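Below are some notes on the ligand site and the pocket around it. Please read them with the model open.

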Amino acid sequence: MGRSYKVAVAGATGAVGQQMVACLEERNFPVAELKPLASERSIGKHVTFKGREIPVEVLDKDSFAGIDIALFSAGGSISKEYAPIAARAGAVVVDNSSAWRMDPDVPLVVPEVNPQDIALYKKTGIIANPNCSTIQMVVVLKPLHDAATIKRVVVSTYQAVSGTGQKAVGELAAQVRALFNNQEVPRKVYPHRIAFNVLPHIDVFLENGYTKEEMKMVNETKKIMGDDSIEVTATTVRVPVFYGHSEALNIETERKLTPVQARAVLAEAPGVKIVDDPAKNQYPMPLDAAGQDLTLVGRIREDFSIENGLNLWIVADNVRKGAATNAVQIAEILVNDYLK
Ligand code: A2P
């Protein structure tokens, strides 16, 4: 038997935190002790782990004594404040918020793409988990980049409400119920109704006219791929889907990559599943991506408007591969290669 580890989950009652706990169990992570942390609102709540009910504790500065690994998904301001506290207490933090992602001293990791970057964690004790839309995109871009050098990516996203958190899942459901029952439609989470609507607005608007989510896709892609020359432009859109982000990608490469060649490359790529049989109406969809960990890719076709262009459609479970699973995969590399 190898070593086992004391693991804290900050934000354990949230959409991603709950899935982190489920992933630790599903993947049989060597947990010696699980410490679920949340706000005072969660006093009295429990988290179920391996058939046991574990009481949720209030996150404070003393929460991390004796903890080996702390998975954070309680929002950016909590991460900003408490990740360094956890690291000072001796834990390695895997942080799902955007607080530390672009810090040059913090690695930003997708295990299928840049596992080697994890080594940099020793500087701060923090490893950042990328944005959900970026994770599923780079899982597909990396093997194509290695094969043909990507010059430019144009991406449009169709993102599920679970990416906003548990409240947004509840809001979409409540709005649908209200609409079908002729009742007043509740609206708290988004600036507009999301049920039967589409909002070209994810995270806050920036001075350059883009949203913060769009710029995350631009900047995080360069950092994860370790290549500043890849140009990315993004339009990120919230759609009334519960789980599973979809993305339409247009890629321009330096060397020609035919759809047949791209399919061959992606067939060998870790974490990727090709779902691409238009004759049988087979293509990636959120309903199929939800509840599993692979990134689905299909609609692979040539962009005839440029010399070396491809169009693709990518779908993954944003709460799993886009957040919780990716964080637990990072923790697995940590315990296998660094914390033995
Ligand atoms: P709580 O349930 O007690 O509010 P989601 O992304 O689904 O909205 O979840 C956010 C997670 O972050 C929840 O577990 C939430 O706990 C937790 N959280 C939010 N604010 C705080 C805080 N101030 N201190 C600790 N945990 C927090």
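1. A polar backbone atom of Gly14 lies 3.0 Å from an oxygen atom of the ligand, a polar contact being a pair of N or O atoms within 3.5 Å. The backbone of Gln166 also takes part, with a polar atom 2.8 Å from a ligand oxygen. From the side chain of Ser42, an N or O atom is 2.5 Å from an oxygen atom of the ligand. The ligand exposes 570 Å² when taken alone, and the protein buries 73% of that (Shrake-Rupley method, 1.4 Å probe).

2. This is a predicted model, in which local features need pLDDT of at least 70, side-chain atom pairs count only at pLDDT 80 or more, and totals for chains, interfaces and linings use all residues. Residues are numbered from 1 along each chain as its sequence is written, and side-chain values use heavy atoms, with hydrogens and water left out.

3. The shell around the ligand has 14 residues (a heavy atom within 4 Å). Thr13, Ala15, Ser39, Ser42 and Gln166 come nearest. By class, five residues of the shell are nonpolar, eight polar and one charged, with Gly counted as polar.

4. Where does the ligand sit? The ligand is in the largest pocket, with more than half of its atoms within 2 Å of the pocket's grid points. A pocket here is an open set of points on a 1 Å grid over the protein atoms alone, where a 1.4 Å probe fits, with protein on both sides within 12 Å along at least five of seven lines; lining residues have an atom within 4 Å of a point.

5. The largest pocket holds about 1400 Å³ of space and is lined by 50 residues. Ser73, Ala74, Gly75, Thr164 and Gly165 lie nearest its centre. The lining divides into 18 nonpolar, 23 polar and nine charged residues.

Notes:
Polar contact = N/O pair within 3.5 Å; in protein donor to acceptor, adjacent residues only side chain to side chain. Points joined across faces, edges and corners; volume = space filled by probe spheres on them.
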